[in-house]
Structures are given as structure tokens and as C-alpha cells.
Amino acid sequence: MKYHKIRKMDIANGPGVRVSIFFQGCAFHCKNCFNPETHDFNQGIEFTEKTIMQIIKLCQEDYIKGLSILGGEPLHPININGTKKLVQKMKEKYPNKTIWLWTGYKIEKIEEKEILNKIDVLIDGPFEEELYDPNLKWKGSKNQRVIDLNRSRQTKKLELYETEKESIK
Ligand code: SF4
């Protein structure tokens with residue numbers, strides 16, 4: 001599996017200063033996707049144990065609030081094992097830093113539920129151009145949801161992240 005790029009300091013994808021990784025390869029091909037150069041599974045840089053260790057090291061600074069995982073599609077069958085290893089290592093090493101993950105799958109369609117237990121916030125669903133709104137925070141179109149998985153685990157129902165609730169009032 002491959003990744004497209006790593007950002008050492010990202011303030012656009014999730015709260016605070018974060019490290020972010022964009023995986024390579026996506027089969028959704030949403031019209032006017034924000035990141036079409038990540039669609040081809042054959043391009044990009046090899047994702048290895050070394051990449052995981054590089055990310056772990058980048059996250060060690062106190063000012064890094066967490067890791068954001070984007071794509072491409074991190075949960076595509078070609079990418080999911082690498083994503084699993086990364087989130088596992090990240091939570092072992094930094095249980096208090098958050099993991100945010102963007103996926104084109106709706107949460108109800110994600111078969112590998114185990115990975116969701118290690119993620120704090122999930123932004124789900126494909127980008128739909130007709131529902132695009134530049135004022136939305138952390139998502140591109142209105143059909144997507146910013147889901148607070150920590151609260152969802154507590155209440156056992158789907159809970160939206162607070163800012164998300166504000167944006168749909
Ligand atoms: S799921 Fe994300 S990366 Fe894939 S085509 Fe849609 S917007 Fe682009």
C-alpha cells in the first residue's frame with residue numbers, strides 16, 4: 001500500500017496543530033474530489049513500518065494534538081491493514097492524543113468495526129458536489145457527518161461532534 005504525503009504540522013484538518021497523512025488510492029471517484037491525485041493506487045510512496053515510526057516521532061511534541069488520516073481512502077481493502085497498524089501504534093504510544101479519520105464510506109457500511117474503537121472522530125460519506133458548502137467545518141458537503149465516536153461509544157448511538165451540531169443549527 002502507498003501514501004501520498006505527510007504533513008508535519010496541519011491546522012486545517014481537525015482541531016489544533018496535528019500531523020496528517022494522506023493515503024494513496026480511492027475507488028469512490030467523487031465528482032470534483034478535493035484530492036484527485038490520490039486516486040491511483042499505483043502512485044505514491046510505499047507505506048512501511050518506517051513510515052509508522054516516522055509519524056509516531058512527529059507526534060511526540062506536546063503541541064501536536066493528534067493525528068489526522070485522510071486520502072485517498074484509508075479504509076479501502078488495500079489500505080485498511082496499514083491504517084489499522086497506524087492507529088494501533090498511535091493509541092499505544094499517545095492515548096491522550098486524538099485520531100481523526102476521513103472516509104468515503106458511511107459509518108453504517110464499515111464492516112471492520114474494530115478500527116472504529118481506536119478513532120476519536122470519523123468524518124464519513126462521499127463528497128457530493130451538489131451538497132458542497134464552503135462554510136462547513138472539516139467536511140466538504142452537507143451529506144458528510146463529523147461523528148464523535150467517543151461519545152457515540154458512551155451513549156451507544158450516533159453522536160455528532162459539537163462543532164458539527166453548531167454548523168447545522
Ligand atoms: S472518497 Fe474522498 S478521496 Fe475518494 S474520491 Fe471521494 S472525496 Fe476524493
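Histidine 29 is found in the loop between strand 2 and strand 3, where helices (H or I, at least four residues) and strands (E, at least two) are DSSP runs numbered from the N terminus. Its phi is near 50°, a positive value in a residue other than glycine. Most residues other than glycine have a negative phi, and most peptide bonds are trans. The model is a predicted one, in which local features need pLDDT of at least 70 and side-chain atom pairs count only at pLDDT 80 or more, while totals for chains, interfaces and linings use all residues. Residues are numbered from 1 along each chain as its sequence is written, and side-chain values use heavy atoms, with hydrogens and water left out.

The loop between strand 2 and strand 3 also holds cysteine 26. At 9% relative accessibility, cysteine 26 counts as buried (buried means under 20% relative accessible area, exposed over 50%, and partly exposed in between, with a 1.4 Å probe and protein chains only). Leaving aside neighbours within four places in sequence, cysteine 26 is in contact with Thr38, His39, Phe41, Gly72 and Glu73, contact being heavy atoms within 4.5 Å. One of these partners, Gly72, lies in the loop between strand 4 and helix 2. A cis peptide bond, with omega about 0°, joins glycine 71 and glycine 72.

Helix 1 spans residues 49–58, and Thr51, Ile52, Ile55 and Ile56 are buried in it. These four cover an arc of only 140° around the axis, which puts them on the same side of helix 1; the arc is that of the directions from the helix axis to the C-beta atoms. An α-helix has 3.6 residues a turn, so residues three or four places apart point the same way. Lys50 and Lys57, on the other side of helix 1, are exposed. The buried residues pack against strand 1 (2–10), strand 2 (17–23), strand 3 (45–46), strand 4 (64–70) and helix 2 (80–93).

The N-terminal end of helix 1 is capped by threonine 48, a side-chain oxygen of which lies 3.2 Å from the backbone nitrogen of lysine 50. The side chain of threonine 51, in turn, reaches the backbone nitrogen of threonine 48 at 2.9 Å. Threonine 51 has a relative accessible area of 4% and is therefore buried. Beyond residues up to four places away in sequence, threonine 51 touches Tyr3, Ile6 and Glu46.

Threonine 155 lies in helix 3 and is partly exposed, with a relative accessible area of 38%. Its side chain makes a polar contact with the side chain of glutamate 159 at 2.9 Å (a pair of N or O atoms within 3.5 Å; within protein, one must be able to donate a hydrogen and the other to accept it, and residues adjacent in sequence count only if both atoms are side-chain atoms). Lysine 156 is found in the loop between helix 3 and helix 4 (162–168). Phi of lysine 156 is near 60°, a positive value in a residue other than glycine, and at 72% relative accessibility lysine 156 counts as exposed.
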